[in-house]
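Below are some points for a colleague who is opening this structure for the first time. Please read them with the model in view.

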There are 2 protein chains.
Amino acid sequence: MPVDAGGIGEGPIETILGIDPGTIKTGWGVIRVDGSRLRHVAHGTVRAATTLSQDRRLQRIFTELARVVREHQPTHVSLEKVFLARNVQSALKLGQVRGVALLAAAEGGVPVAEYNSVQVKKAVTGYGHASKAQIQQMVTALLELSAEPQEDAADALAAAICHGHLCAFRTSAATTGRRGRSSRGLRWPVEALPGGKG
Amino acid sequence: MPVDAGGIGEGPIETILGIDPGTIKTGWGVIRVDGSRLRHVAHGTVRAATTLSQDRRLQRIFTELARVVREHQPTHVSLEKVFLARNVQSALKLGQVRGVALLAAAEGGVPVAEYNSVQVKKAVTGYGHASKAQIQQMVTALLELSAEPQEDAADALAAAICHGHLCAFRTSAATTGRRGRSSRGLRWPVEALPGGKG
């Protein structure tokens, strides 16, 4: 939950796991922040068969995310906050998936940061109301991927990039002694998309 | 999720763990169904300090419920379905707790049954719109407890009793060869509360 999780920017390298929880598909993406550079590490999507009971689906998602945490040893987990849902039932179901995602982080001892949708989109595309397709494009460009990741994995990578932005900024501020909102010197798109306004 | 979880009533003794997930307090209660008799085994409430981050709170709840599953080896977990929530945020938060509760069941290999609020209240008090206090009273009487359990634990025991009702009924039906809706011969209150109408 704490956005200002302790330890951000203390070391030169941070590994960030972004998660995009979903009742049908849960995306995840791992990036590494080395100073002001972002590198792609891995990404994927967990599909939990709808033929399984909901507890088994949650177990499948938890098991996979716990495996990702073990394998990549992230220093932070980043998630998008949810403000809207179609109705109480979909909020409950999404909450259940978020619950096991948060648990996977806690069981790995990894602090969790949360950002709202506008923050995530702005960090990746420079535009707070970017479309899913624009997110996919920019994630692919920023992380120099050879192919566009699927929507859910792209959203997860975007959440990771959003937190990486903060890590990189803090490292940069600590190195140069600067304070304030400027992100000069960082590899971040501000108006990178055609028509993107931030 | 499956109410008609396999194996119900196949053996004379079932151990049922009822869970009442809540963002501040999560109640749990274990009962044993021996033929048509219900016996209290244990109950409790998990309090996750609000000073903890939400992922740590979920971890605390999961750890405690997983311990209860290990210790009491339930054959079924019973939960109340949720249809209403104040708003999307409270549905999401409640969903998160339900997520880790369902995971604790799945990790223990225990099938989950869900009942709506009216079914649970009716099973315990004979009245589908009973108050919290009436539930506490009837749970205490039915399980011959020396003291009233706290609200959340009472609700959890009520969910367990509701599923126990089904187990006991099936055992009875299997034994006597009866079919149908009658619960004659079972130790169940139908109009046990003053003014309770079913």
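**Notes on the two chains**

1. Leaving aside residues up to four places away in sequence, B:Pro74 touches B:Thr15, B:Leu17, B:Val69 and B:Val110, where contact means heavy atoms within 4.5 Å. B:Pro74 lies in the loop between α1 and β4 (76-80) of chain B, the helices (H or I, at least four residues) and strands (E, at least two) being DSSP runs numbered from the N terminus. With a relative accessible area of 9%, B:Pro74 is buried, a class that takes in values under 20%, while exposed is over 50% and partly exposed lies in between (1.4 Å probe, protein chains only). The C-alpha atoms of B:Pro74 and B:Asp152, which are 78 residues apart along the chain, are separated by 19 Å.

2. On the basis of these values, this is a predicted model, in which local features need pLDDT of at least 70 and side-chain atom pairs count only at pLDDT 80 or more, whereas totals for chains, interfaces and linings use all residues. Residues are numbered from 1 along each chain as its sequence is written, chains are lettered from A and ligands numbered from 1 in the order in which they are written, and side-chain values use heavy atoms, with hydrogens and water left out.

3. Turning to the interface, 32 residues of chain B are in contact with 32 residues of chain A. The area buried between chain B and chain A is about 2600 Å², with carbon and sulfur atoms giving 63%; buried area is the accessible area (1.4 Å probe) that two parts lose on being put together, summed over both. On the side of chain B that touches chain A, α1 (54-72), α2 (88-107) and β5 (112-115) of chain B each supply at least two residues, and the largest share, 14 residues, comes from α2(B).

4. In chain A, A:Thr140 belongs to helix α4 (residues 132-142) and is buried, at 12% relative accessibility. Not counting residues up to four places away in sequence, A:Thr140 touches A:Leu145, A:Ala147, A:Glu148 and A:Pro149.

5. A:Glu144 sits in the loop between α4 and α5 (151-176) of chain A and has a positive phi of about 50°, although A:Glu144 is not a glycine. A:Glu144 is exposed, with a relative accessible area of 59%. In chain B, B:Glu144 is placed in the loop between α4 (132-142) and α5 (151-176), and it too is not a glycine but has a positive phi of about 50°.
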